[in-house]
Amino acid sequence: MPPSTEHGRPDPETVTLALSRDGRPVSDRGDTVCVIGAGASGLTAIKNLVEHGFGVDCYERETGVGGAWNWRHDRSPVYASAHLISSRPFTQFPDFPMPDSWPDYPHHSQLLSYLERYADHFDLRRHIWFGTEVVRVEPVDGDRWDVTTRSTGGYGPERTLRYAAVVVANGHNWSPKLPHYDGLEEFRGEVMHASSYKDPAQLRGKRVLVVGAGNTGCDIAVEAAQQASCCWHSTRRGYWYAPKYVLGRPADQVNDLLLTLRVPLRLRQWLYHRMLRLTVGDLTRFGLPRPDHRIYETHPIANSQLVYHVGHGQITPVPDVARFHGGGVTLADGREIEPELVVFATGYLPRFEFLDPKTLGDDDGSGRPRLWLHAFAPEQPTLAVAGLLQPDSGVFPLTHWQTVLFARLLQARLARPERAAVFAARVVAGAGERYSGKVTDSSRHWFEVGHVTYLRAVQRALDELEAR
């Protein structure tokens, strides 16, 4: 490992200098690994790489840890009332449990404090350059990477360092996915994406149209039901609205028990449908569209309050938007409504502005990486993406094991290159594999995984990597 400061960061007076392909000076960091982002995925990447003996430099564009869960960050999608939709035991890192006194579904402020304590417990901050953004990541010298950084906001000179490997952990819930509608530019009302929604005061007393039936869209519709003078909720199709509790337990814990018992998918679907019929009944009687898919074929919408407010007439379900005009909105069924505020809860798209899209297998420019285990790119054995998942449970444990696998791959490249070569071939063969049953092939479900199926796949990869 090259000389470094007492904080584990590169010392510009002692690092070895090299030159980039275009002649720029490069500080060579030897066997050190670069981690991009200090959110939950970046933090667990730092911890697991350090525990496996690697030096780590992490670059975080904000001034603190937490990523999306730090509401102070410009790119955070968190709003005042946001809580987990996965329960505490299935969200916590396997080696750092949340307090038993916390609720089943902690508030976002508790998640931030959890991540801050995680960083302090494992002494991770000394590896992080805060207020520093990555502007370019380029492959060089076979399997090494030139990483160019600068102060957040573009101030100051750029600096390039050379690393043995890179973990991309910049998150995928910060770049808004905005739909196109005819006439939207003529609309005289207020328009915002859910990423800009922070507090119910933004809805108070207004006629609000919420577009989108993801978990965020449902949360905002519920808040509009209590704060707005009128709330319409527009969805393109019917969805299954899962209660957060089933049989007195968090719903994901009941689902996990069924998965552990290897209950077949069809039987699990039948049980879930039966449970819904016995509790909320047929939602089409409230004006909600009938789902065109079976349960577990889309990302679950965990919301116990939406149906309640629809049933009380405080939310009016409406179909998709056909077009906008100056004074209002025309719906797909021909109805006209006149909202004062339109909130597009239409999700996010992954963005890796510092990488050539082809590096992650995005050959058609769709923005969808083609990876194995949603983490490893073909022909790039020293590059990994952490946390690019939409599981049916919490994401933190899955990201933990992703980064353990990458750390052990880097070890194998040094000590057992033949096993690393087998792993590389497996990445090429398995790129694009899915780890869930039949799911809708929309951008919202690109990274959908069943957590049990996915963890079993990671365990097989670990076993193959360490096989004698």
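**Before you start**

Residues are numbered from 1 along each chain as its sequence is written. Because the model is predicted, local features need pLDDT of at least 70 and side-chain atom pairs count only at pLDDT 80 or more, while totals for chains, interfaces and linings use all residues, and side-chain values use heavy atoms, with hydrogens and water left out.

Colour the chain by pLDDT, which is the predictor's confidence in each residue, from 0 to 100. The chain averages a pLDDT of 91, and 93% of the residues score at least 70. Then select residues 1–8, where the pLDDT is below 50, although this stretch has 23 contacts in the model beyond near neighbours in sequence; a contact here means heavy atoms within 4.5 Å. Where pLDDT is low, the predicted coordinates should not be read in detail.

**The sheet**

Next, show the strands (DSSP runs of E, at least two residues) and the helices (runs of H or I, at least four residues), both numbered from the N terminus. Select β5, β4, β3, β9 and β22, which in this order form an open sheet of 5 strands with parallel pairing; two strands pair if DSSP finds at least two bridges between them. β5 (128–130) and β22 (383–385) stand at the edges with a single partner strand each, so one side of each is left without a neighbour in the sheet. Between β4 and β5 there are 3 bridges, and glutamate 60 stands opposite phenylalanine 130 in β5.

**The cores**

Which residues touch the most other members of the largest nonpolar core? They are Leu43, Leu49, Leu373, Phe376, Leu405 and Phe423, out of 54 residues in this core. Such a core is a set of buried Ala, Val, Leu, Ile, Met, Phe, Trp, Tyr and Cys residues joined through side-chain atoms within 4.5 Å, and buried means under 20% relative accessible area, exposed over 50%, and partly exposed in between (1.4 Å probe, protein chains only). The largest share of this core, 9 residues, comes from α7. Select phenylalanine 423 and you will find that, leaving aside neighbours within four places in sequence, this residue is in contact with Trp372, Phe376, Leu405, Leu409, Ala461 and Leu465. A second, separate core of 30 residues includes Met192, Leu203, Leu283 and Leu288.

**The salt bridges**

Finally, look for salt bridges (a side-chain nitrogen of Lys or Arg within 4 Å of a carboxyl oxygen of Asp or Glu), of which the whole structure holds 25. Select aspartate 57 and arginine 29, whose closest N and O atoms are 2.8 Å apart.

End at arginine 335 and aspartate 333, which meet in a salt bridge (2.8 Å, N to O); arginine 335 is partly exposed at 38% relative accessibility, and aspartate 333 is partly exposed at 44%.
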